[in-house]
Amino acid sequence: MASHGNNAARATYESKVPPFYYRPTSSDCHLLREQWIRAKYERREFTDPERQEPYSAGYREGFLWKRGRDNGQFLSRKFVLTEREGALKYFNRNDAKEPKAVMKIEHLNATFQPAKIGHPHGLQVTYLRDNSTRNIFIYHEDGKEMVHWFNALRAARFHYLQVAFPGASDADLVPKLTRNYLKEGYMEKTGPKQTEGFRKRWFTMDDRRLMYFKDPLDAFARGEVFIGSRESGYTVLDRLPPATQGHHWPHGITIVTPERRFLLACETEPEQRAWLDAFRKVVDRPMLPQEYAVEAHFKHKP
């Protein structure tokens, strides 16, 4: 480093980083930052494409610890990622012919959640089933293996999007490979009649989907709210309606949609401000054509 300088070292050690490979920032979890350094300097993965085979071959299989939906226990499960089928699958038994679940690459997201999952290599994988969000929580004891799985999923997403959007550049596609949540945390909510008591729920803001769960590690959301743009009639207020009763937490938020109002309450003012910032970023962003189709589906949900 002293003799060649940072730029020269980067030109050597990062000469062949695949476009889909996740480059961590200072805000990312320790695992991603550590494995980036090890991949770059220790394993020299970005000087020789043959060393990238674990995540660039288009096929990967192996065993991961997966959290059980009902009992919360982590059990070893066989996972298969196949770009040819455009899917990530897992099997409940080694000899099972049919997978327990098939997650289409088209709708899949993966984000590291070590604190939430309670393991430094914990990964949350989210996919859509019948246009509703489903979560699975997985980890591998070996951090390198877990980051290889993560980048294999990103590679599969990258190649899918290259086919779906043939004119798009790498720079256009890379931000769409995986995404971290805009905000997560507890808030209180009441029901559509706004006469029931407020209940504490875990909320996740994933792009334009606001989901709420009874527990942060639930497989399915109790409910989902689509948050569109201001031009489409969506607004966020930093208070509850004056006559609102039944909330234990003092800092209110009202989400106004074309159909109804959602009443939420935060425990602290900093939490309220953070949620308002997250909601307003989404509301201030114009909707994309495909997001109107998602909005329409939400409106026709029973």
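Which strands do the buried residues of helix 7 pack against?

Analyst: This is a predicted model, in which local features need pLDDT of at least 70 and side-chain atom pairs count only at pLDDT 80 or more, while totals for chains, interfaces and linings use all residues. Residues are numbered from 1 along each chain as its sequence is written, and side-chain values use heavy atoms, with hydrogens and water left out.

The buried residues of helix 7 pack against strand 8 (183-189), strand 9 (199-206), strand 10 (209-213), strand 12 (235-237), strand 13 (251-256) and strand 14 (261-266). Contact here means heavy atoms within 4.5 Å. Helices (H or I, at least four residues) and strands (E, at least two) are DSSP runs, numbered from the N terminus.

Helix 7 itself comprises 15 residues, 269-283, and spans 21 Å from its first C-alpha to its last, close to the 21 Å expected at 1.5 Å a residue; the expected span is 1.5 Å times one less than the number of residues. Its buried residues are Gln-272, Trp-275, Leu-276, Ala-278, Phe-279, Val-282 and Val-283. Buried means under 20% relative accessible area, exposed over 50%, and partly exposed in between (1.4 Å probe, protein chains only). Viewed down the helix axis, these buried residues fall within an arc of 165°, so they line one face of helix 7. The arc is that of the directions from the helix axis to the C-beta atoms.

Among the strands that the buried residues of helix 7 pack against is strand 8. Six of the seven residues of strand 8 are buried, so this strand is largely enclosed by the rest of the structure. Two strands pair if DSSP finds at least two bridges between them. Strand 8 pairs with strand 9 in the antiparallel sense over seven bridges, and Gly-185 has Phe-203 in strand 9 as its bridge partner. Strand 8 also pairs in the antiparallel sense with strand 14, over two bridges; there, the bridge partner of Glu-188 is Ala-265 in strand 14. In general, strands of a sheet pair through backbone hydrogen bonds, either parallel or antiparallel.

As for the database record, an unreviewed UniProt entry carries the annotation "domain: PH" over residues 57-158 and 180-284. UniProt positions are given in the numbering used here, feature names are shortened, and annotations may be inferred rather than shown by experiment.
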